[in-house]
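Open the model in your viewer and follow along. Each stop tells you what to select and what is there.

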Amino acid sequence: MELRHSIELLGVAAFAASGVLSAGRKGMDLIGVAAIAFVAALGGGTIRDLLLDRHPIGWIASPDFLWVCLSATVVTLAWVRVRQPPHRALQTADALGLALFVIGGTGIAEQAGQRGLVAMLMGVITGAAGGVLRDVLSAEIPMVLRPGRLYVTAAIAGASLYLALEAIGMPRRPASVAGMIVIALLRFAAMRWDVRLPPPGLPAGDLDPDM
């Protein structure tokens, strides 16, 4: 329980930072920045809890999620005022948040009695949904929809590895670390070397208006 909670808190901090950077690029005011940070950090977990009928929702049951989100927002705001963020700061924060949230969300689904495919999907939703909401509200194409960038693929791979290692008897802590490493490495590889999935070979162009 303590390990999963710590993972979630770290994920909240990483995604809150990504929300601040995303909102800052759009020139939003402080309220806008705080709103995007909140949605990015807590949106995925909220959707997961609603789907699992888990009440009270995580950040309501544990207000420390809100405090971590607020703290990460303030720290990131202070940092960007002092120093220009690196070019890929947003993608880096998003990759770390994805790795942490996917594994934490998968563990919560297990605690709620879900196993296998459902647990994996809950983990993916936890990791990806907040970023989707952040990007949509920032008027950006969500990272999860950008062509072939190993986003959902990375989430599925990490969650599947975590569940597989648990199934063969590995303790939860090393299984969690292994899953997070796989997700982060795949995302960083996609960012650094433009690693991507091959296209499905579907015909491009406009749809036939007569169809």
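Start by selecting A41. Leaving out residues up to four places away in sequence, A41 touches V12, F15, A16, C69 and F101. Bear in mind that this is a predicted model.

**Stop 1: around A41**

Which helix holds A41? A41 belongs to helix α2, residues 30-51. Is A41 buried or exposed? A41 has a relative accessible area of 2%, and values under 20% count as buried, so A41 is buried. Draw a distance from C-alpha to C-alpha: A41 and L70 lie 10.0 Å apart in space. Along the sequence, 29 residues separate A41 from L70.

**Stop 2: helix α1**

Select residues 2-25. This is helix α1, with 24 residues. From its first C-alpha to its last, α1 reaches 35 Å. That is close to the 34 Å expected at 1.5 Å a residue.

**Stop 3: helices α5 and α6**

Select residues 116-137 for α6 and colour them apart from α5. The axes of α5 and α6 come within 7 Å and cross at roughly 145°. The crossing is right-handed. On the α5 side, the contact includes L90, D94, L98, F101 and T106. On the α6 side, show A119, M120, G123 and R134, among others. How many residues of each class make this contact? The contact of α5 with α6 has 10 nonpolar, 5 polar and 3 charged residues.

**Stop 4: T106**

Stay on α5, residues 89-111, and zoom in on T106. Its relative accessibility is 0%, so T106 counts as buried. What does T106 touch? Not counting residues up to four places away in sequence, T106 touches A119, M120, G123, A159, Y162 and L163.

**Stop 5: helices α7 and α8**

Select residues 152-167 for α7 and residues 172-193 for α8. Their axes come within 8 Å and cross at roughly 160°. Angles over 145 degrees count as roughly antiparallel, so α7 is roughly antiparallel to α8. The crossing of α7 and α8 is right-handed. Show the side chains at the contact: A154, G158, L161 and Y162 are among those from α7. From α8, the contact includes R172, G179, V182 and L186. The residues of this contact divide into 12 nonpolar, 3 polar and 3 charged.

How values were computed: Residues are numbered from 1 along each chain as its sequence is written. This is a predicted model: local features need pLDDT of at least 70, side-chain atom pairs count only at pLDDT 80 or more; totals for chains, interfaces and linings use all residues. Side-chain values use heavy atoms; hydrogens and water are left out. Helices (H or I, at least four residues) and strands (E, at least two) are DSSP runs, numbered from the N terminus. The expected span of a helix is 1.5 Å times one less than its number of residues. Axes are lines fitted to C-alpha atoms, for helices over the stretch in contact, and angles run from 0 to 180 degrees between N-to-C directions. Angles under 35 degrees count as roughly parallel, over 145 as roughly antiparallel, 65 to 115 as roughly perpendicular and the rest as oblique. A crossing is left-handed if the near helix is turned anticlockwise from the far one by less than a right angle, and right-handed if clockwise. Contact means heavy atoms within 4.5 Å. Ala, Val, Leu, Ile, Met, Phe, Trp, Tyr, Cys and Pro count as nonpolar, Asp, Glu, Lys and Arg as charged, and the others, Gly among them, as polar. Buried means under 20% relative accessible area, exposed over 50%, partly exposed in between (1.4 Å probe, protein chains only).
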